[in-house]
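Visitor: I have some time to go through this one with you. Could we look at it together and take the topics as they come?

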Amino acid sequence: MIKRAAAILVSTLAILAVTPTVLAQTPPGDPPFRLPFAENPGPSTWYIVQHYGSTRTAYVRRTVWYGSGQGLHFGVDFSARCGTEVVAIGDGSILKVDAPEHGAGPHNLLILHDNGFVSLYGHLRDRPRFAPFTRVEQGQVIGVTGDPDLTCSSRPHLHLEIRDRSLFYAYNPVDFIDADWDSLALFGPSSGFQRDLSDPGRWQTLHDQPAVQFGAPLLNDFRTPWPPDRSGW
Amino acid sequence: MRLTAVVLTGLVLAACAVPPPPPTVAEAPSLEPPTAEPTAQPAAVDPTTPPLLPTPTPFAPVLSQLTESGCCTEPIWSPDGQQVRFIDQPADEPVGIYGIDIDTRNLELVSQQVGVLSPDGRILAYLNEDDETTLRDLETDEEWLVPSDGRGVLFSPDMQRIAWSISTISGGFDERQTIVLASDLRGEAAQEIIRVTGGGLLGWLDGSRMLIYGQEPGEAERSLFVYHIEGDERTNLVTGQRIRAVSIAPGGEWVFYAIALNPDGDTSQEGFWVSSTTGGPQYRLDIVGSAQWRDEHRLLVIPLELDAPSHRLWQFNAATGQSSILTDGIDTPFRVMANNWRVAPTGDRIVFLNAADEALWLLELGPIGLEEDAQ
């Protein structure tokens, strides 16, 4: 218990020690990170099931699942069978293990990368066996996928977020992960982005999605949404 | 909105359609073709299937830009294939569903009320201010309410019926219950059709047959099945597998589906399938990607080929088991953004959101069947 409390204290101090200035929304240069799986996508491995941003799924659940993240989907969801190995998207140090304040249970893991950004791996099946400040390398297995409904038959997937060091902001992983996102989308989500008919072209592509500030007001509580906030549309 | 009416040719057009650098032979995606092997039941693909080489066709696919960059996403086609439609708000114009003529590039407002158009384009379904599902005849402006309690409806292809679903919203997704209901087009004679768990209505095959996924009370596993609403009968297509990406061919004789990530870890059936809905053959396709129907039995697929410089189009004819490569990624380079593409009802072209410039482009494929005749 004492060791755990000490680890939390050290971790918290590390976060508080950083400059409160919000980092740029996108890193300079090429995307620094890789995809979180070693295998290629496909019907027997993994595929994207929800993009980052103003998705239709997020809109429907904007006040419930995603209320703390301004109603948007503040990560990317990768559908994968329970037990699929997840790899670190970049070099870094373990920042937190099982941090319930960040959601995405039953288990999660946060890595502070050398460029100052943080990756969060959510809905892991098992508690990752890392202590805070352990170094990990890009491509190293850091956990296995699980199911937020705890059944492994409902919706097993990995929820991956990119945050700034303060953990108050989440960014679009498309800008940070070196991947062929347009090809990945070919076997991807069945629904697209939610529209606000008062500005129908806003937030309609993979790249045109806003950053999320946790705890701030909803960005997608549209007065004229399309599709409507009812099922079947 | 200022719409660009530009028809380019040859390499100039190709250079506009894909991001630099231009593709080279060395960078080209593999020309090893996907294959399809007919089977009586879902089964493993015969690995000895002879490879298919790209076949020169009498028609060279042609790319042309349809709209300006950033104009619009999620295009759909008018029933006659003459217009590409999308939700937009051109400058000084109201928000609505707009259509651009593929020949003249003229833009017109199809409906200021945003909603879902029926297969024949005549009826618009939308949610009114009182959260009631409303149907409007766009030719007569007559409107009427249907009893779906604000839910969206699916029109039968013969325009005689509509259907909708009521689902529970708690519990695991594989445990949620769905009631499928249907009525006539006026919303009258509404009746419960079927109850399933872990799935729901996927679409109409024709005026009397539905495609449904899930398990009925008393069943141990989910199935993809055809439900005959007049005879209260069902025909199973596949049982005990996790289904996604279902697509129904025009006419309802064929369906496409993917089996993916079975929870029990059984990968033997996972992949892409084409199945007859009338007791005919089932085919396993040795390919993964995005699939849409070109006509009653021809399926188009953009294969998922990571980091290839161009997407390409592949075709499978379920009536003959014949497959063809329609574009090879070198002579006709294009890249679809975020799976935004639609096949024209005429089957002779597709519209897609170009990843390079975020404009809508057309890819003309030529007359249906020409590539098969050339093989």
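Visitor: Let me start with a side chain: is Trp226(A) buried or exposed?
Guide: Keeping in mind that this is a predicted model, Trp226(A) counts as buried, because its relative accessibility is 9%.

Visitor: And what is the peptide bond between Trp226(A) and Pro227(A) like?
Guide: The bond that joins Trp226(A) and Pro227(A) is a cis peptide bond, with omega at about -5 degrees, and Pro227(A) is found in the segment after strand E13 (225-226) of chain A.

Visitor: Where else is there a cis peptide bond?
Guide: Gly105(A) and Pro106(A) are also joined by a cis peptide bond, where omega is about 10 degrees; Pro106(A) is in the loop between strand E4 (92-97) and strand E5 (107-113) of chain A.

Visitor: Switching to rings, how many aromatic pairs are there over all chains?
Guide: Searching the whole structure gives 18 aromatic pairs over all chains. One of them is formed by Trp226(A) and Trp233(A), whose ring centres are 6.0 Å apart and whose planes stand at 65 degrees, so this pair is edge-to-face. Trp233(A) is buried too, because its relative accessible area is 19%, which is under the 20% cut-off.

Visitor: What about Phe256(B) and Phe272(B), how are their rings arranged?
Guide: Their centres lie 4.8 Å apart with the planes at 80 degrees, so Phe256(B) and Phe272(B) are edge-to-face. This pair links distant parts of the chain, with Phe256(B) in strand E19 (residues 254-259) and Phe272(B) in strand E20 (residues 271-276) of chain B, 16 residues apart. Phe256(B) counts as buried because its relative accessibility is 1%, and Phe272(B) is buried with a relative accessible area of 0%.

Visitor: Which residues do ring pairs link into a cluster with those two?
Guide: The cluster linked by ring pairs consists of Tyr47(A), Phe187(A), Phe256(B) and Phe272(B).

Visitor: Which charged groups sit over rings?
Guide: Among them is the charged end of Arg202(A), which sits over the ring of Trp203(A) at 4.1 Å from its centre; Arg61(A), in turn, lies over the face of Trp65(A), 4.4 Å from the ring centre.

Visitor: OK, the interface then. How many residues of chain A are in contact with chain B?
Guide: There are 43 residues of chain A in contact with 55 residues of chain B. The area buried between chain A and chain B is about 3900 Å², and carbon and sulfur atoms give 59% of that area. On the chain A side, Arg81(A), Leu186(A) and Trp233(A) supply 19% of the area that chain A buries against chain B, which is more than any other three residues.

Visitor: Moving into chain B, where does Gln292(B) lie?
Guide: Gln292(B) is in strand E22 (residues 289-293) of chain B, and it counts as buried because its relative accessibility is 16%.

Visitor: What does Gln292(B) touch?
Guide: Leaving out residues up to four places away in sequence, Gln292(B) touches Leu299(B), Leu300(B), Trp341(B), Arg342(B) and Val343(B). A polar atom of the Gln292(B) side chain lies 2.6 Å from the backbone oxygen of Trp341(B), and the side chain of Gln292(B) also reaches the backbone nitrogen of Val343(B), at 3.1 Å.

Visitor: Which residue has a positive phi although it is not a glycine?
Guide: One of them is Asp232(B), with a phi of about 50 degrees; Asp232(B) lies in the loop between strand E16 (223-228) and strand E17 (233-239) of chain B and counts as exposed at 56% relative accessibility. Glu358(B), which is not a glycine either, has a positive phi of about 55 degrees. Glu358(B) is placed in the loop between strand E27 (349-354) and strand E28 (360-364) of chain B, and at 29% relative accessibility Glu358(B) counts as partly exposed.

Visitor: Last topic, confidence: what is the mean pLDDT of chain A?
Guide: The mean pLDDT of chain A is 90, and 89% of its residues reach 70 or more. Over residues 7-21 of chain A, however, the pLDDT is below 50, and this stretch has 12 contacts in the model beyond near neighbours in sequence. Where pLDDT is low, the predicted coordinates should not be read in detail.

Methods: Residues numbered from 1 in each chain as written. Chains lettered and ligands numbered in written order. Heavy atoms only, no water. Phe/Tyr/Trp six-rings, centres within 6.5 Å; stacked < 30°, edge-to-face > 60°. Buried < 20%, exposed > 50% of the residue type's maximum accessible area, 1.4 Å probe, protein only. Helix = DSSP H or I, 4+ residues; strand = E, 2+ residues; numbered from the N terminus. Lys NZ or Arg CZ within 6 Å of the ring centre and 35° of its normal. Polar contact = N/O pair within 3.5 Å; in protein donor to acceptor, adjacent residues only side chain to side chain. Contact = heavy atoms within 4.5 Å. pLDDT = per-residue confidence, 0-100. Buried area = accessible area lost by both parts, 1.4 Å probe.
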